[in-house]
Every structure is written in structure tokens, then in C-alpha cells.
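Dear colleague,

I am handing over the structure we spoke of, with the sequence and coordinates placed just below. My notes on what was found in it follow after that.

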Amino acid sequence: MIKHSVSPYIVVIFLTMLGGCSVNPMPVSEQKGRYSYDFNLKWKFNLGDFPGASGVDYPDEDWRMLNLPHDWSIEGDYDSLNPAGPAGGFLPAGIGWYRRYFEWNPEWQNKRVVIEFDGVYCNSTVWINGVELGIRPNGYIGFSYDLTPHLQQGKNLLAVRVDHSKVPSGRWYTGSGIYRNVRLAVMEQLYIPAGGLFIRTPEVDKKSAEVAVDLEVINEVPEMDEIRIIYTITDQNGRHQADNTQVVELVQGENQTQTILELPDPLLWSPDTPNLYYLTVTIASGGKVWDEYQSSFGVRTISFTTENGFLLNGEKTILKGVCNHHDAGPVGAAVPVDVLHRRLKILKNMGCNAIRTSHNPFAPEFYALCDSMGFMVMNEAFDGWEAEKAAFDYGLNFEEWWDKDLEAFIKRDRNHPSVIIWSIGNEVKKYTDATQRKLTGFVKKLDNTRPITQGRGYNGPAVDLAGFNGHGEYRNGLKHFHEKNPTKPIVGTEITHGMQTRGIYRTKTQYRRRDYPAPWEIGKPFSGIAKKVFLVEDLTDEELFADINPLYHSSYDNSIVRMSIRDYWRETKDLTYFMGSFRWTGFDYLGESFSWPARTMSFGVIDLAGFPTDSYYLYQSIWSDKPMAHMLPHWTHPGLEGVEIPVVVYTNCTSAELFLNGKSLGEKPMTDELRIIWKVPYSAGELKVVAKTDGEVMATQTYRTAREPYAIAIDMDRSILSANHKDVVHAEITIVDRNGVAVPGAGNLLNFEIEGPARLIGVENGDILDLSPHKVSYRKTFNGKCLAIIQSTGADGDFELKVTSEGLKKSSVKVRVKPSQKPI
């Protein structure tokens, strides 16, 4: 029985858990009834299989000490003989063991102690004090175990065996190990379980929003039969917005309850205004608070129809999205939050408003960042189902584990306003209507507020949105489907595909099937699709830029799979039945290489180092409203003096004027061609574009011809870190001449040295053919640039990054590391 009343009860806002831990850790997140320890520091690790290593007395003195998150594959060498092969980017896999000692805390007496893993790849087995707690095959979804019955006073041992010996286990680079965060949570025996709070806003208008709450409470306290549940909503500045109280009669075990709060004058969530609210739920009886649990949420409405398209808060919105995999170049799958934040900022500046989690759940911090930064998410659960797509992938475990993993996934993410679409699979091999119905029905029981799609599952009867991958890029492919299914909205789950390499140009168009076929295209004639693809006119009759490695791809938007970026936008932007699309891909990712020695194929409009290609700026010109102008190629072409070079300008302004050495080469309007081209006889000097709207200068860009490499320029993306083992600074390295002009073709070998409290965690240059390891203190620049990623330790003070290269003027920069404000 539930009784409603208004309560003036004041709650303490739940603090997001951050920080580190020691053998005797301090709680870094504490609220009435529960607290958490960051369990990432001081793990012992050994690569290999060690029978008996789950035991408390197993000798591990010689094991390596490290901090989590940790991906051992990215620490290895690229090798064509590594069994993960092209799918795994030719990096190693294997079996690894982790061990972590911790001391019993008397405050845990009569409480529930739980270990929480956000993700372990893959096939993990966990022990506490030698007692096996369970296994988890899926490497992408979090899980937890109750340690309470097995803890002992004094020293306790947590052991984890990770078995990634059978590879390839995916069609892309997966990583290996405990590659996401770990926490130790302590709570009372009357508590809200993970995923037990579901927040919806079924009715929204300008004056108010109805906030509907479904709550699960677990009662393990004898003779506890009635409690008060206090619900309090605050805004992102901590200001009280609404509250109410329930009096609930409990049974032993699981209890379910619902309530509704009215939120006045709601601030709506959208990519442009990512307003958040916080719901704090406090469970109390008498004078004791048993639990306090908080979740952020947003107020927004979504609608998908063929008549009006996608409406967000009642406004027509086009999904301007990208697909991304979960790795991040030189750090592999163990991605620090600051690295993830940088990647999202780069996408935001491109005009991107949506991300598809291809093809698995991402880390929890990804969704929190999307909520706060304003990205919409197509949240994808699986790549395949019953039939494996890689030799040892999740298909081997699907029938036993799909429901457990899918439930954990939906419950984990359903309060995120950024999540607007669920995806249940991608290019599922031999999928059946029966399984599609089973999965969609399961999802809708847990959350019926969002539509469901499936990448290339458009012919299935149970999905709400028809998801199109490459087949949607053929001429009239979307149109023909719509004619047969006039009420089914379409979303481009992977549209469009194309390849590009930063700083590489060809003036003759290439088509994948004809010029660099994927393994499944070998032997298939281009004539079979020539009338279905969107052909792109050559920029010159003869190729200007010869002797380029065929595994590198042109940045002129002329390395085509089925359609160019410009054709995608022209063909789809005005279709009411097309909700928008997710480009394959935003960032280059490791793995899914077509052949050695390429670590990947260059699908990303941003390379492995996070440096934008020219295609990035093409998207910016069609997706972003902020005035911009971008030219390609660069203007350093020795040996081509007097040769006409196609100079392409992307801009969202109405016209552009080009200048060479101060002389105007003419002003041209922007048209549906979505680019402006001048044929410019090459002459060293200064090339400048001036973009205008209605005659007013809105944006400019200038290139200068570079001379010989002379010095090293370092650009750090922050100047202060915290000594918390987590904060990261990115050092973008550029080779410049005596005048400070970037040298676009430079390939100098750099050496990195760090003095002070920081460590180098990854180096990368974006070259898919550079097989140098990532956890070293050297790297060549590729087309003039390189990235070094540096992370703080637990000590404060200044550190200095020194970068040297033979024959170049050395460079250095200092960064301050301040004491951490959170316990470590």
C-alpha cells in the first residue's frame, strides 16, 4: 500500500564518484546509506595463465603493479602472426590475471559490500578469497558481485582471470583486460539495486513536465515492514524544483513502487541546450536513512514519423551522426575520460549531433558526457545474434546470455536523455523475424519510450525504424523501400562510407570495388554496381599526385564506396521519411583491416591521433551554422610549379574569393555542388580564401608554402592537471619551418622525455601503416603531425615535456600538477 504526501525533507546531493584508492582506500563517494570506493589503483597483473592464482597465498611478488583501466593488447607489438589478425588490428590477445588486496573495514559490519566492474574483455572469472563468484563472457556490459558472505577481517583478496585467448572475438579491435572502471560499493541491507530507478517524462509542455518514476527496492532487513521514500528533483545548479513522499509497506526481497512528480517550467534537453535535472531518492524509517540514490535525467520529447521526420521537442531535427567504435587510438580500449572528452569536443565542433555506439555498449562515462555536452545516441546492444560473425565472438554465448546482458544494458542507460534510439544488432548474420520480435519485445518491457532499430535489419517486421547501412547508399534505394513501406521511418545506421587519409590527395576518383576492393569484393566486377553508385567526376584528366601508397586514400571526397559525402547530403536532407544518418565512421578505429600491414582502413573523417581530415571540414560546412571556410590541398608542392592544382573550398557561407600572393583569382558562389573549385597554377607563396555571406566577410583561411623542417611546435590542450592518476593532457606536435609554417609532408622521428609527476600513456600519428608500438617514448610524425598523451600520477608539482628530433630545434613545455581535491 502506498500513501502520498508532500515533504519538506532536504536531501544531500549525491556526489559523482571520482578519485583513486589504496590498499586501505578512502570512500570517494558518500551519501546517507551507501558509499563507494574507487578500486582502480594498485592491482597486480601478469600476462599468461597461472593455475592457483585465485588463492590468497599465491605468490605474486614478481607481478607487475598497475592501475586500471588497463588494456594489455595495446601494450603489445603489431605482428602479422598475432592470431587476432586483421580483425584485431594484428595486436596480441591471450590470458591475463589481476589480483588486488584490500583490508576489511569495521564500518562494513552488517552492511552489503559489492564489487562493480564497468567492463572486462572478455570471459572474466572473479574470485574473492579463493571463492569463485561467477563468470561473464560479454566484455562490453558491466556486472557486479556480492562479496559480503566471503569477506574476512584483515586482508582480503580479489582475483580476476580474463580469457581472451580465442580470437578473433570481434570484427574490430576489442582490447583485452579490465579496461573500464572498478568500484567497491557499500550499502545497507535495504537498498535500491543498480538499474532499479527508471525516470520518464510522459507529458511535457512549457508550463510543466510530468516526471514518472518506477522504483525497485530490495529489503533484506528482518521485521522491516514500512518505509518512507522521499523523491527530490533539483536542477543542475542544485536548486530545488519538486519533491514528494511515499509511505510504502515492504515485503522481504524485491519491492516495486511508482510515483509521479510535477516539474514546473521545465528546461528542455537538446543538443543545443543540454539541460539536466537530478532525482534523489531517499529511503528512511524512523530516524535512519537506509539508502540515498541519485540519477540525472532530462526533459525532452521525441517523435519519428514519415510525414514529419524526427521531431525533438516538437522541432524538425536531422540526425547528423557518426558511428564510433569504443577504442581511442593509442590508448586502445582503456580510454581516460579526458581522452573521450577531447574526442567528443572534436565531433561537436564538426556539427555532429548524434553518435551510434558501434556495435556494443560503451563505458558509462560516455553517456554522462553525451548528456552534458548535447549528443543524441543510438545505443547498440549487439553486433550479431545466434550466428557468430567472427570465429569466437558473442554468437557463441548469445542464447545463454542475451537476456541477462540486454536487461543490464537497458536498465543501465534508460535514464540518459541522450539515448533516443535502441539498436538490437548490426548486419546480423542469418537473423530471423522470430528473434527480432523476441528482442524488441524484451526491450519494450523494460523501456517503451524509445524506438528500436537494427542496422541493416530493415526487412524485419518488429523494428520501429528501418535501419539502412550500405544498401541505403545506392541510387533510389531509400526511395524504393519507402514506396513499399510508406509508414516506416528510415534511419541511416551507416550512411555514408568513404575513405580518406589526412594530407593525401588524388585528383582521379577511386571506387572501392574497382580500385581497392575489400576482401568480399575481390573478383566482383565494378560494372555490377556502376549504375547504382553515385559517380564522382575526376578533377583532372591525368593524376597530379603520383607515387602514393595505394593503402592511403584521397581527401578530395573522391575515394568512394557507393556515394560521396556531398551526394549523401543532397540526396537525403529533404526526405521527410529519412530521420538522418550515422556516418561510417567519425574516428578511425583499430582493426577491421583489409590486409597487413594496415592497422585499419581509413573510414574515419578524424584519424587515429584525433587529427581531422579534410572530409571533417566538408561535414562542418554542411552540418554546422558557425561560419567557416576550409581549403584543400595544402600549398607546398615542390616540383609542380606551373601545374594547375584543383583548389577546393568548403564553406557554409554563400560565396568565397580566392587569392594567390595577394592577387584575386575570382569570387564564386556556393551551390548545391557543396564545394567551390579553382584550377590554380602552382606558385609558392600564400594562398588565401575569404568566405562571405551577402558580401560580408565571415571566415578566412590562409596557407603558406613551407620550407625545410626546422623546429618542433607543441600545443597542449590544458595547462593544469590534478594529481589523481586520471587527468590527461594532449600534446599535439607539429613540424614547422623557420617561419613557423607547418611542413605538411614532414616525417621526422621524435623522442619524448617527461621530467616530473606524469607519465606518457600513448603516442600516435594517424598513419595506418606505422606499426610502431604505442607505449614508447618515440614516434615519427605523419604528414607533419604527431600526438602524445600524458597522464598525471598521484604526486603534485610541475612536469616538463621535452621533444627532440635529429636536425631540428628542440622544444619543451611545462604543465602544473596541483594536489587532488578528492581522496586517492
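**Loops, rings and a helix pair**

Thr-496 is placed in the loop that runs between strand E30 (490-492) and strand E31 (510-511). Please keep in mind throughout that this is a predicted model. The peptide bond that joins Ile-495 to Thr-496 is cis, with omega at about 10°. A cis peptide bond also joins Tyr-121 and Cys-122, where omega is about -10°, and Cys-122 belongs to the loop between strand E7 (112-117) and strand E8 (124-128).

Phe-90, in the loop between E5 and strand E6 (94-103), has a phi near 65°, which is a positive value in a residue other than glycine. With a relative accessibility of 5%, Phe-90 counts as buried, because the cut-off for that word is under 20%. Leu-674, for its part, sits in the loop between strand E37 (663-669) and strand E38 (676-681), and its phi is likewise positive, near 65°, in a residue other than glycine; at 13% relative accessibility Leu-674 also counts as buried.

A further loop position is Ser-54, which is found between strand E4 (43-47) and strand E5 (64-66) and is buried, with a relative accessible area of 15%. If its neighbours within four places in sequence are left aside, Ser-54 is in contact with Trp-97, Arg-99, Trp-127, Gly-130, Leu-157 and Ala-159.

Turning to the aromatic residues, a search of the whole structure finds 41 aromatic pairs. In one of them, Phe-143 and Tyr-145 have ring centres 5.6 Å apart and planes at 65°, so this pair is edge-to-face, the cut-off for that class being over 60 degrees. Both partners are buried, Phe-143 with a relative accessible area of 7% and Tyr-145 at 13% relative accessibility. The pair of Phe-304 and Phe-310 is stacked, with 4.6 Å from centre to centre and 10° between the planes; Phe-304 is buried with a relative accessible area of 14%, and Phe-310 counts as buried at 0% relative accessibility. Ring pairs also link Tyr-35, Tyr-37, Phe-39, Trp-43, Phe-45, Trp-72, Tyr-98, Phe-102, Trp-104 and Trp-108 into a cluster.

Charged side chains also lie over aromatic rings. Arg-414 is placed over the face of Phe-198, at 4.3 Å from the ring centre, while Lys-785 has its charged end over the ring of Phe-611, 4.9 Å from the centre of that ring.

Finally, there is a helix pair to consider. Helix H1 (residues 337-350) and helix H8 (residues 614-623) have axes that come within 8 Å of each other and cross at roughly 55°, and the two helices are therefore oblique to each other. In this contact, Ile-346, Asn-349 and Met-350 of H1 meet Tyr-616, Tyr-619, Gln-620 and Trp-623 of H8. Sorted by kind, the residues of the contact between H1 and H8 comprise 5 nonpolar, 2 polar and no charged.

Definitions and conventions. Residues are numbered from 1 along each chain as its sequence is written. This is a predicted model: local features need pLDDT of at least 70, side-chain atom pairs count only at pLDDT 80 or more; totals for chains, interfaces and linings use all residues. Side-chain values use heavy atoms; hydrogens and water are left out. Rings of Phe, Tyr and Trp (its six-membered ring) pair if their centres lie within 6.5 Å; planes under 30 degrees apart count as stacked, over 60 as edge-to-face and the rest as tilted. Buried means under 20% relative accessible area, exposed over 50%, partly exposed in between (1.4 Å probe, protein chains only). A charge sits over a ring if NZ of Lys or CZ of Arg is within 6 Å of the ring centre and within 35 degrees of the ring normal. Axes are lines fitted to C-alpha atoms, for helices over the stretch in contact, and angles run from 0 to 180 degrees between N-to-C directions. Helices (H or I, at least four residues) and strands (E, at least two) are DSSP runs, numbered from the N terminus. Angles under 35 degrees count as roughly parallel, over 145 as roughly antiparallel, 65 to 115 as roughly perpendicular and the rest as oblique. Contact means heavy atoms within 4.5 Å. Ala, Val, Leu, Ile, Met, Phe, Trp, Tyr, Cys and Pro count as nonpolar, Asp, Glu, Lys and Arg as charged, and the others, Gly among them, as polar.
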